[in-house]
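Hi,

Here is the structure I promised to pass on.

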Amino acid sequence: MSDARAILMQTRDGRRPSREEALALAGFDDLGALMEVAEDLTLRGFGRDVSYSRKVFVPLTQLCRDVCHYCTFAQPPRNSAKPFLTPDEVLAIARAGAAAGCKEILFTLGDKPEQRYRVAREALAELGHQTTLSYLAAMSQLVLEETGLLPHLNPGLMSEAEMETLRRVSVSMGIMLESSAERLCRRGGPHWGSPDKRPAARLETLRAAGRQKIPFTSGILIGIGETRQERIESLLALRDVHDEYRHIQEIIVQNFRAKPDTRMAASPEPSLEDHLWTIAVARILFGADTTIQAPPNLRPDACAALIRAGINDWGGVSPVTPDHVNPEAPWPQLDALAAETAAGGRILTERLAVHPGYLRDEAGWLEPSLSTRALRWTDGGGYVRTDDWFAGTRTPLPRGDAAVPSSPVVPRPMPEVRRCLDHVADGRALSADEIVTLFGARGGDYQAVVTAADRLRREVVGDTVSYVVNRNINYTNVCQYRCAFCAFSKGRTAASLRGPAYDLADDEIARRVGEAWARGATEVCLQGGIHPQYTGRTYLHVLEVVKAAAPDMHVHAFSPLEVTHGAQTLGLSLRAYLAELQAAGLDTLPGTAAEVLDDDVRKIICPDKVSSQEWLDVMRTAHGLGLRTTATIMFGHVDGPAHWANHLLRVRALQEETGGFTEFVPLPFVHMEAPLWLKGKARSGPTYREAILMHAVARLVLHPLIGNIQASWVKMGPEGAGECLRAGANDLGGVLMNESITRAAGADHGQEMSPARLEALIRAAGRTPRQRTTLYGEVPAARCAAAFAAAPAQPVVNTPLRRGKLAGVAT
C-alpha cells in the first residue's frame with residue numbers, strides 16, 4: 001500500500017487524488033493514516049469551527065411513490081392519518097421553531113405521491129394544488145412571510161422548471177445520491193421498486209440544480225449493500241458535478257440504521273470504523289474547502305471520532321421536532337452537542353441553512369429578498385450572529401464567550417492560532433491567511449487573541465489611556481458622491497434627503513472654532529461632503545477662517561477624498577496641493593474615506609470614490625511632506641476577514657515605508673439608516689466579537705509600526721470602548737463636542753463626552769487617563785484646566801443651503 005501512502009502525502013500537500021488514485025484507496029485499511037490527513041485538511045479549511053443549523057423539521061407528507069427497503073419515513077395511505085399537513089399545522093410547527101431560536105425550516109417529503117396514490121391527488125385538490133411541489137412552494141412562501149424562517153427543501157427529483165419555482169422561496173435544497181451503484185436498484189436491492197432512486201436521475205437533478213445556481217446538499221448512505229469501491233465511485237460522481245457547478249454546499253456521509261418493520265431490519269449496520277474510514281476518504285477526495293457532514297444523532301457516542309475523521313458540520317439539529325427520518329435517534333441537546341464538540345477540540349458554531357461560502361460569494365446564489373434575510377442574521381464569516389449587540393446602539397454588551405476576558409489565564413488556543421501569536425511575539429509579520437485565522441477566533445481562541453493583544457499593548461504603551469479635547473466640524477452635508485453606507489450626505493434628489501441640506505457660513509465655522517478654543521480644545525477636526533461647487537480654494541478658505549478664529553488651534557482636516565477633489569479642481573498634483581494646504585495651516589489629516597482598502601468591497605459600497613491605491617497615494621504624499629495622518633477601517637457591511645486582512649497589510653506596508661500614521665482607528669459600521677442596509681444589501685454591522693477582534697488583531701498585525709490603537713466611543717458606546725481597552729486599544733479619541741456623521745446613521749451615542757466622563761471611563765477600566773495633543777504630545781496645564789472648566793456649548797447653527805445654490809437639492 002505504498003502507493004496509497006504516496007497519495008496521502010500528495011493530498012496533504014494540497015493535490016486532490018485523481019480518479020485512479022481515489023479508487024486505489026478502496027483497499028487501504030490504515031484508518032489512523034487516513035484520519036490524520038483528513039483532520040489536517042479539515043483544520044486547514046475550517047479551523048476549529050464545527051457548524052450546525054438550528055432547524056425545525058416539517059414532514060409535509062409521508063406519502064411516497066418509492067418503497068426503499070430501509071425507510072420508515074414513507075408510509076402508505078392506510079398508515080397515514082392524513083396525506084398532507086395543513087397550512088395551519090405547518091405554521092404551528094414553524095412558529096414553535098422560531099420561538100426556540102431556529103433559523104431553518106426543513107421540509108422533507110415523499111417523492112411525488114400524487115403519481116401513485118389517488119388519496120394524494122384528492123388531498124392536493126382540496127388544498128388548491130395539482131402537485132406536491134406546488135404545495136411545497138406555497139408552504140415555503142407562507143413560512144417565509146409569517147415567521148421569517150429560511151426554508152431548506154428536500155423534495156426529491158425535480159425538473160429545472162420546478163427548481164426555478166422553488167428557488168424563489170428557499171435558500172437551499174438537497175437530494176441524497178445515496179449511491180451511484182445501479183445494481184442497488186435491481187431486484188433484491190434496497191432501491192428495487194423506487195424509480196426516484198436511480199443514480200442517473202438523481203445526478204441529473206444535481207446538475208440541474210447547478211445550472212439553476214441553487215446551494216445544494218447531497219451525500220451517500222453507507223451500509224446498504226455497497227462496496228467501498230462503490231462508495232468512492234459515488235463520491236467521485238458527486239465531485240464531478242460539484243467541480244462543474246460549485247454548488248454542493250455539503251457532502252453528508254450517513255450511516256445506515258436498521259429499523260424494525262422494514263425489509264432490511266436484519267441487515268448489519270456499518271461499524272464505527274467503517275464510517276470513519278468513509279468520512280476520511282470523503283475529506284481526502286474533496287479537499288480542504290468542502291463541508292463534510294455526519295448526523296450526530298446517528299453516532300451519539302462517537303462525535304469526537306467523527307471530528308477527527310474529517311467532518312466540520314453536524315447538519316441540522318432541532319430543539320423542537322424529532323428526526324422524522326430516524327425517529328429512533330433523538331437529536332442531541334445543543335449544550336451536550338457543544339460539549340461533545342469541545343471534547344473533539346472544536347467549537348460548535350451556528351450557521352444558516354445556506355452555508356457561509358454561498359453567502360459571501362457575489363455570484364447570486366440566493367434570490368435578493370432571501371439574501372437580505374440571510375445577511376441580517378449573519379456575521380462577517382457567514383455564520384449566525386451570536387449576539388444582539390449593534391454598533392452605535394445602547395444594547396447591552398454580550399456576556400459569555402464574546403465578552404472580553406477578565407483574567408489573563410485563558411484556555412490554550414488551537415495550534416494555528418498559537419502559531420500566529422508566537423509569530424507576533426517573535427517580531428514576525430503575519431501573512432494574510434494568518435490574519436484571517438485570528439479574525440475567525442471563537443471561544444478559547446478568541447480569549448487568547450484578545451489577551452495577547454492586551455499583553456502587547458501593556459508592553460508597548462503601558463497602562464496609560466490617552467484622549468484629545470477636540471471639536472468636530474462637518475461644514476456641509478451636501479455631497480456629489482453616492483456612498484452606499486453613508487446616511488450623512490445629502491444628494492442631488494429630494495428623495496435622498498433625510499434632513500435639511502446645509503453649508504456652514506464662515507461666521508458659524510469661526511464661532512465653533514472660537515468656542516472650542518474657549519472650552520479647552522487643542523484640535524478641530526474638519527470634514528464634510530464633496531459639495532459639487534467646492535474647489536480646492538474652498539478648503540484653503542476654510543483653513544483661513546479657522547486660523548483667524550484661533551491661530552494656535554491644531555487643524556486636523558480633509559480626508560483623502562477631499563484632498564483629491566481639491567487638487568483635481570485646481571489642476572494641481574497631490575503634492576503641490578497638499579503643500580498649499582500645509583502652508584495655509586493644515587497640521588494633520590484624518591484617515592477617513594479608507595472604508596476597506598479592498599476594491600472588491602469598494603465597488604459595492606463606494607464605487608465612485610477614491611480607489612484603495614488613490615487613498616494610499618494621498619497618505620504617502622502627505623507623509624512625504626511631513627504631514628502625519630491617522631488610518632481607519634469602516635467594517636461590518638459587505639466585507640469579511642479576508643478583506644480586513646488586506647486592509648491591515650496595506651496600512652502596515654505604508655507605515656513601514658513612511659512612518660506617517662499616528663494611530664489606527666477601527667470604525668464599526670452603524671447600519672440603521674445606511675442606504676445599503678435599508679436596501680437589504682448589507683449586514684447589520686459587525687458582531688461584538690468581530691468589533692473587539694478588530695482592535696485586538698490590529699494591535700497584533702500593526703506591531704511594532706503603529707503603537708496607538710483607538711477605540712471609538714461613538715461607535716462602540718462608552719462601555720464597549722472601555723472593553724476595547726482590555727483588547728489592545730490605548731486611546732479613546734476625542735471629546736468631539738459635536739458629531740454628525742454617526743448620529744445621522746442612527747447611532748444613539750455621539751455629540752460630546754466631557755473630559756471628566758472620559759477620565760472616569762478610563763479609570764473604571766483600571767487605567768490611567770492622559771490628555772494628549774493630536775500628535776500625542778503633552779497638553780499645557782492651562783488648556784487642561786480650560787477643558788475641565790468648560791461651560792456647556794451653545795447650540796450649533798447649520799446654515800441652510802441657499803435656494804438655487806445647488807440645483808436639485810431640497811432645503
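Let me begin with helix α7 (residues 160–167): among the elements that cover its buried residues are α6, β3 (150–154), β4 (172–174), α8 (199–211) and α14 (368–377). The buried residues themselves are Met163, Leu166 and Arg167, where buried means under 20% relative accessible area, exposed over 50% and partly exposed in between (1.4 Å probe, protein chains only). Seen down the axis of α7, they fall within an arc of 100°, so they line one face of the helix. The arc is that of the directions from the helix axis to the C-beta atoms.

Before going further, a word on the model: it is predicted, so local features need pLDDT of at least 70 and side-chain atom pairs count only at pLDDT 80 or more, while totals for chains, interfaces and linings use all residues. Residues are numbered from 1 along each chain as its sequence is written, and side-chain values use heavy atoms, with hydrogens and water left out. Helices (H or I, at least four residues) and strands (E, at least two) are DSSP runs, numbered from the N terminus.

Helix α15 (residues 415–425) has a buried side too, with Val417, Cys420, Leu421, His423 and Val424. Viewed down the axis of α15, these buried residues fall within an arc of 155°, so they line one face of the helix. They pack against α16 (432–439), α17 (443–461) and α26 (688–702), whereas Pro415 and Ala425 on the other side of α15 are exposed. After α15 comes Gly427, with a positive phi near 80°.

Now for two helix pairs. The axes of α4 (residues 87–99) and α6 (residues 132–147) come within 10 Å and cross at roughly 45°, which makes α4 oblique to α6. On the α4 side, the contact (heavy atoms within 4.5 Å) is made by Pro87, Val90, Leu91, Ala94 and Arg95, and on the α6 side by Tyr135, Met139, Leu142, Val143, Glu146 and Thr147.

Helices α19 (residues 536–549) and α20 (residues 560–570) pack at an angle of about 120°, with their axes 7 Å apart. That makes α19 oblique to α20; oblique covers what is left once angles under 35 degrees count as roughly parallel, over 145 as roughly antiparallel and 65 to 115 as roughly perpendicular. Gly536, Arg537 and Tyr539 of α19 make the contact with Glu562, His565, Gly566, Thr569 and Leu570 of α20.

Best wishes

Notes: Axes are lines fitted to C-alpha atoms, for helices over the stretch in contact, and angles run from 0 to 180 degrees between N-to-C directions.
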